[in-house]
Amino acid sequence: MNPKIAKYISVFGHPLLTIPVFVMIALFTFERVEKAFWISVLIIGGIFIPLIVKMYRGEKSGAYSNFDVSNQVQRQSWYRYVIFLLSIATVVVFATGQSRTLCFGILFSTLLLISSQLINYSIKSSLHVSLNVFLFFMILRMNETAAGMFLLFIFLIAWARLVLKRHTRKELISGASIGLFWGVMYLLFMHYTN
């Protein structure tokens, strides 16, 4: 694969892009427009914008070697920050009585990142892959055809991350395994507690 094409795939497959796009599509499909707007503002303004700002500043200051926070040691502080943001969002969505899908989607995403942080002490799992695999399971509950197409895109993301030398095969498999575990747990939980 051409490294330039791999870079584009990696950018379009970045969880900071795929997750907010999915959230907005899901919210504006299943919720009233006003509610979808305010929840989108909460999630994007309370999680994604602060995270993007932190990553951008971290890269510019030299605290992070790159925007993806590819350095295993540097990821520990990044994990603490994103888990903090997701924990607050989890409390807010549960406290305000949002949909089960949103509440448990954020909760299980938080659990995915906590387990990724713990595993990061021994291996730098691919967050591009783990978060997108988890997202696949959320899409699967809503539209099987879209989920199938997204699954093919995940394979392209993994290949791009390998071509760009951001991850080894072992790190990609680790990321896929984490996403698979929490995605299946999410599906089972949503099915058996409905």
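How many Å apart do the axes of helix 6 and helix 7 come, and at roughly what angle do they cross? The close-ups below come from a predicted model, where local features need pLDDT of at least 70, side-chain atom pairs count only at pLDDT 80 or more, and totals for chains, interfaces and linings use all residues. Residues are numbered from 1 along each chain as its sequence is written, and side-chain values use heavy atoms, leaving out hydrogens and water.

**View 1. Helix 6 meets helix 7 (residues 144-163).** Here's the answer: the two axes come within 8 Å and cross at roughly 175 degrees (axes are lines fitted to C-alpha atoms, for helices over the stretch in contact, with angles from 0 to 180 degrees between N-to-C directions). That makes the pair roughly antiparallel (over 145 degrees; under 35 is roughly parallel). Helices here are DSSP runs of H or I, at least four residues, numbered from the N terminus.

**View 2. Helix 6 (residues 127-142) packs with helix 8 (residues 169-192).** Look for an angle of about 25 degrees, with the axes 7 Å apart. So helix 6 is roughly parallel to helix 8. Their contact includes Phe134 and Phe137 of helix 6, plus Trp182 and Tyr186 of helix 8.

**View 3. Helix 2 (residues 15-30) packs with helix 6.** This time the angle is about 15 degrees and the axes are 10 Å apart. Helix 2 is therefore roughly parallel to helix 6.

Technical notes:
Helices (H or I, at least four residues) and strands (E, at least two) are DSSP runs, numbered from the N terminus. Angles under 35 degrees count as roughly parallel, over 145 as roughly antiparallel, 65 to 115 as roughly perpendicular and the rest as oblique. Contact means heavy atoms within 4.5 Å.
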